[in-house]
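This report covers a residue in one chain and then the interface between two chains. Please look at the structure before reading on.

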Amino acid sequence: MKQYVLRRVALAVPTLVLVSVIVFSMMRLMPGDVVIRMVEGHAYAPTIDALRKELGLDRPAYLQYVEWVGGIVLRGDFGESYWTRQPILDEFVGRFPVTLELATLTILVSVVIGIAVGIVSAVRQDTVADYVGRVLAILALSVPYFGLAVLVVVLPSIYFRWTPVWTYVPFTTDPLANLKIMIVPALVFGVTRAGPIMRIMRSALLEVLRQDYIRTAWSKGLTERAIVLRHALKNAMVPVVSLIGLQMPLYIGGSVIIEAIFRLPGVGLFFFEALTRLDYPVVQSVNLIVATMVVALNLLIDLSYAFLDPRIRYR
Amino acid sequence: MRSSTRASATAKRYVAEEAPPSVAPAPARLVVVEVRALPRTRPWYTDVWVTMLRRKPLGTVGGLIVLGMLLAALLADSLTSYGFSETNLRERFIAASGDHWLGTDQLGRDVLTRILYGARISLYVGFGAVSLGSLLATALGIFSAYWGGRVDLLLQRAVDAWMAFPGLLILMSILSLLGPSVLNITLVLGLAFGIQNSRIVRGVALSIKEHTYIESARALGSGHARITVTHVLPNVLPTIIVVATTGLSTVILTEASLSFLGLGVPPPYPTWGGMLSLAGLDHMYRAPWLAVWPATALSLAVFGFNMLGDALRDLLDPRLRGG
């Protein structure tokens, strides 16, 4: 097991190096110059060349790359924003709890709805409840989350005089007020993500319910509740868990839009604002941090499979 | 390989007549056996649609929606008398009426007209990106699988690195640098689609590579190009069709999210994502139909492509079920 873990971690390193190269070269090779905008529009420095020099953009690209990666590896320094001159890591760490909370609540909402509807749909296969559940899942799959978010922001304010709370309150200051703010975006995002979870829950549970040990459980005279919840559910959860793992990047990507619509000061909004200001160091470093988290998460998921199923370790 | 038996239903199959191994190399004689198709068998590409009509009601509904969208896109010019960027400042924020069936927006443009033309852009970007991406995925996937070894290893690590980025983040980054335009978004979405799906194509090609008919083709002296094009490609094709149809809804949705953020298709071209637009949120309090109709159109399109894709997947490639 130890050897397997080491090998998998070692394999992640070249991936991360490639990730950093892709992000860096993308930012350098493409047209669009922030320096001109900073000097002409906002007078950050007397001349374009002076600002270029100040930001270190006059040196060769490979030096800039080495400096960027070197700073991260040696000092944990992800660089600073062109515009605010604030360290990127500080800003990221400060905003991360918002995004983490949003993602956690979203996953919670989608898992609770998806699994509950999935179970009912599978246990009551081909009844009205099943059809209603499946139609709901298809609807959830079809309605884009940002469309639903816009409708939730706009329509109730016109017809019920209700609006989402626009001023953000951190969880640590007032947990209740914070949850009140977070629950609407989490519900909107979670509901649209529940569709795939429900579908895979239903098909996995249907498959498990046809197996021999379930028939044995029935013949022992167990109640339906005990059979479904105690015996079948656990085995049917494996594909559901791996689907949630696979969808993690979607939750992160989607949080950019959700945070922008509901004005939550999370990493997504930070990224989006940096993007509109062509703040390359921020865009570059946030991409790298998030990609690293995705790689680490995938690694953890892979390792957990190996932990659960010894056959994988020896492949 | 269901499709290979189908495709070769009328083709000729070559069988090398066995010769004792000790005998001096005689020129291999070929016996041509013609495998005749059973009467009343339709070619597989017709068969799929007939089966769908019979057994997949939701897939049929999806197909009809897609057809409707195609018609809207093609006939947008003659279905409406307004231009998609024709402003009329006297008729701003008009609710649904006889003249403007779905109302007008903040510049007095007809919403229905913009929805119809929006179908055109959605399909243009969707089909463009998916065809480009499918070509890339096919080339990359087959090449990587067929070549194998170190090339495969290196290519797959590069694909790993690309897949580590949450899709939307990297697409937003690239598009903000390139600037919004229809061509840029099509290229970028196509690139992303291609890299991502090359994995699936590679997987299928890897298993095809091991079949004995590939070995016999090689024994008959076929070169790499001939083997990949005439033996591997036709067997990967159903997978590619499935990947492409199921991918269309994702691509259309991604284009909409990017246009929603103002990074996709630039104004004045109408797109459903752009009509929902983050920047135009303030207008929607005054005219909720500006939010309702594009959202509905987008949901319908995604629903249609999803259902059509799912049905085609079930009928064409059972291996991908649940994938």
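## Basis

Helices here are DSSP runs of H or I with at least four residues, numbered from the N terminus. The model is predicted: local features need pLDDT of at least 70, side-chain atom pairs count only at pLDDT 80 or more, and totals for chains, interfaces and linings use all residues. Residues are numbered from 1 along each chain as its sequence is written, and side-chain values use heavy atoms, without hydrogens and water.

## T106 in chain A

T106(A) is part of helix α5 (residues 88-123) of chain A. Its relative accessibility is 0%, so T106(A) counts as buried (under 20% relative accessible area, with a 1.4 Å probe and protein chains only).

Leaving out residues up to four places away in sequence, T106(A) touches A186(A), F189(A), G190(A) and Y251(A); contact means heavy atoms within 4.5 Å. The T106(A) side chain also reaches the backbone oxygen of L102(A) at 2.5 Å.

## The interface of chains A and B

The contact involves 46 residues from chain A and 41 residues from chain B. About 3700 Å² is buried between the two chains, 82% of it on carbon and sulfur atoms; this is the accessible area (1.4 Å probe) lost on putting them together, summed over both. In chain B, L169(B), L177(B) and Y285(B) lose the most area to chain A, together 18% of what that side buries.

One salt bridge is found across the interface, a side-chain nitrogen of Lys or Arg within 4 Å of a carboxyl oxygen of Asp or Glu. D310(B) forms a salt bridge with R199(A), with the closest N and O atoms 3.2 Å apart. On the side of chain B that touches chain A, α12(B) gives the most, with 10 residues.

Technical notes:
Chains are lettered from A and ligands numbered from 1 in the order in which they are written. Helices (H or I, at least four residues) and strands (E, at least two) are DSSP runs, numbered from the N terminus. Buried means under 20% relative accessible area, exposed over 50%, partly exposed in between (1.4 Å probe, protein chains only). A polar contact is a pair of N or O atoms within 3.5 Å; within protein, one must be able to donate a hydrogen and the other to accept it, and residues adjacent in sequence count only if both atoms are side-chain atoms.
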